[in-house]
2 protein chains.
Amino acid sequence: MDTAAQPDTAPAENLSAKVYADLKMKLIVGQLRPAETLSIRTLAEEYGVSAMPVREALRQLASEDSLIGAAKKAYRVPDLTPSEAANLFFIRAILEGAAAEIAAENVRAKDIKFLEKLVQDMDTAWQNQDAVQFLLVNFKFHSRIYSLTGNSALQSMIESLYARTGPWLAHGITELVTIDSWMGDHPAIIGALRNRDAALARKLVEEDARWGVDLYRARS
Amino acid sequence: MDTAAQPDTAPAENLSAKVYADLKMKLIVGQLRPAETLSIRTLAEEYGVSAMPVREALRQLASEDSLIGAAKKAYRVPDLTPSEAANLFFIRAILEGAAAEIAAENVRAKDIKFLEKLVQDMDTAWQNQDAVQFLLVNFKFHSRIYSLTGNSALQSMIESLYARTGPWLAHGITELVTIDSWMGDHPAIIGALRNRDAALARKLVEEDARWGVDLYRARS
DNA sequence: TGGGTTAAACTGTGATCACAGAATCATGTA
DNA sequence: TACATGATTCTGTGATCACAGTTTAACCCA
C-alpha cells in the first residue's frame, strides 16, 4: 500500500503510531471510502509489518469512531447518515469557532503568509480536480489555525473530526459537479485573522464548517 | 485489582474494552492519582487476563491523552499543569455549554427526576467525604445532560475530558478543605432545563465547568 | 561513608500461533 | 432452477515468547 498523500503527522516512535497516523491521514483526505473494509492481515502485509501494530492502530481509530469495529467482524469505514454527518460538523463548528477566536489573538505574520499560500494550493488542487490534495490542503489550512490556540487537546479533537468526515466529504465532492462557493470563505477568514477580529473569525469558521452539511443537502 | 467504583460504561464485548472502560472510569472518579505509573503486566495479573487486552486498553487511553505513554517507558497518569488543566476545562465549557443548549429542548420529566436524585446523592457523598463517589455522581449528572443531545460523538469527547481531569480534580478535592459553593449550581441547572431555558442552561453549565479551574486557583 | 559503575529487574514492543465466530462460496437436493 | 446446507476462507481476539531500552538496586572502590 502506498503511504497516505503526505505524512505530516510525523511523531510516531513505534510502528503502531506510524500505521495509525497513515491511516488517519488517509481518512482525512478521503483515500478510504465509506463502507470500505479494512483487514488487519491485509494491511499488515501492505505495510510490511506484523499484525500487531496494525491491530492496535485499527482499534485506536475505532475507539475514536473513525472506524467501525464489531466483535470478530472486519473493521470498516463508517458510512455516515446525513444526520450523523450533521452532528459531526456541528461539533466542528463549535470547536473550530472557539479556536478561531483564540487564534485571532495569537496570529503572527508568518501564519498569515502560510495560510495565503494554502489558499492558492487549494485553488490549484480544485482546478486539477484532485480531491485528495484538495482535502489535504483544506485540512492544513484549518489545522494551522487551531494550532495557534496552543491547546493540544482541542487540536486532537478537531483532527479526529476531520478523520470522521473525510471519507464522507470525499464522496460528496466527487459526486457533486458544481462547487464554487467554498473558496470565498478562506480569504475572508485570513482577513479576519489579520485584523485580529476574533468575533468575525469565529463566525466565518463556523460557517465554513457548515459547508460540509450544505454539500450534502445540495444533492438531495 | 478491585474493579472501578461502578462499571456503568457497560458495552465491552471483548476484554480490551472491559479493561479500557474500567480504567477510564477509575480516571474519571479519581481512583488513579496524577503521576501514578501503570504497568501492563501488573494490570494483566490484577485483571486476571493476559497482557494483550491491557496493552491495547492502555494504548487507547494514551491516544486520548488520558494517559502518558512514551516509548519503552511505563505508562503513567498525567500530572497536569494549571495551564493544561485550564485548557481542558475550557473545552469542557464549550462542549457542555452547547450540549446543555440542545438538552434543554429535549429534556423529559424522567430526566429531571433522575437529575434531582443525583443532586441528593452528590450531597450525601460530599457529607461522607467520599471523593470517589462525589466525582462519580457528578459525572453521571453531566453525562445525563449531554446524552440528551443524541450526539454520540459529542458524548464521547466530553467523557474523555472527564477522564483527563478526573485525577486532577480528585487531587484538588482532597487537598482543599473548604468547598461549598459547588452545590448551588446543579439545582439551578435543573431549573433551567425544566423551564427549557436553553441560554441559561448553557451559561450555568459553562460556569460549572469553570469550577475545576477555580478549585485550583483557590489553592495558590 | 559517599559516589559511580555494573548487573539485575522491569518496561513497552513486535512477531507468531491457536482459536472461535462471520462471511462467502460451492455443492447437492428438492 | 431455486434454495438450503455444507465446507472453506476470512475475521478479530487472546496468549505467549523474544528483544531492546529504561529504571532501579546493589555493590565495589575511593
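Modeller: A residue is called buried when its relative accessible area is under 20%, exposed when over 50% and partly exposed in between, with a 1.4 Å probe and the protein chains only. The structure is a predicted model, in which local features need pLDDT of at least 70, side-chain atom pairs count only at pLDDT 80 or more, and totals for chains, interfaces and linings use all residues. Residues are numbered from 1 along each chain as its sequence is written, chains are lettered from A and ligands numbered from 1 in the order in which they are written, and side-chain values use heavy atoms, without hydrogens or water.

Biologist: Which residues of H2(A) are called buried?

Modeller: Leu43(A), Ala44(A) and Tyr47(A) are buried, while Arg41(A) and Glu45(A), on the other side of H2(A), are exposed.

Biologist: What makes the buried residues of H2(A) line one face of the helix?

Modeller: Seen down the axis of H2(A), the buried residues fall within an arc of 105°, taken over the directions from the helix axis to the C-beta atoms, so they line one face. In general, an α-helix has 3.6 residues a turn, so residues three or four places apart point the same way. The buried residues of H2(A) pack against helix H1 (15-29), strand S1 (37-38) and H3 of chain A, where contact means heavy atoms within 4.5 Å.

Biologist: Why is Ser39(A) said to cap the N-terminal end of H2(A)?

Modeller: A side-chain oxygen of Ser39(A) lies 3.4 Å from the backbone nitrogen of Arg41(A), and a polar contact is a pair of N or O atoms within 3.5 Å; within protein, one must be able to donate a hydrogen and the other to accept it, and residues adjacent in sequence count only if both atoms are side-chain atoms. H2(A) is followed by Gly48(A), whose phi is positive, near 75°.

Biologist: How do you know which residues surround DNA strand D?

Modeller: A residue is near the strand if one of its heavy atoms lies within 4 Å of it, and 20 residues surround DNA strand D, the closest being Arg41(A), Asn14(B), Leu15(B), Ser50(B) and Lys73(B).

Biologist: What polar contacts reach the phosphate oxygens of DNA strand D?

Modeller: A polar backbone atom of Ile40(A) is 3.2 Å from a phosphate oxygen, a polar side-chain atom of Tyr75(A) lies 3.3 Å from one, and a backbone N or O atom of Leu15(B) lies 2.6 Å from one. The elements that give two or more residues to this surface are helix H2 (40-47) and helix H3 (51-63) of chain A, with helix H1 (15-29) and helix H3 (51-63) of chain B.

Biologist: Why is Asp65(A) called partly exposed?

Modeller: Its relative accessibility is 32%, so Asp65(A) counts as partly exposed. Asp65(A) sits in the loop between H3 and strand S2 (75-76) of chain A, and its phi is near 65°, a positive value in a residue other than glycine.

Biologist: What makes Arg196(A) partly exposed?

Modeller: With 48% relative accessibility, Arg196(A) counts as partly exposed. Arg196(A) lies in the loop between helix H8 (185-194) and helix H9 (198-217) of chain A, and has a positive phi of about 55° although it is not a glycine.

Technical notes: Helices (H or I, at least four residues) and strands (E, at least two) are DSSP runs, numbered from the N terminus.
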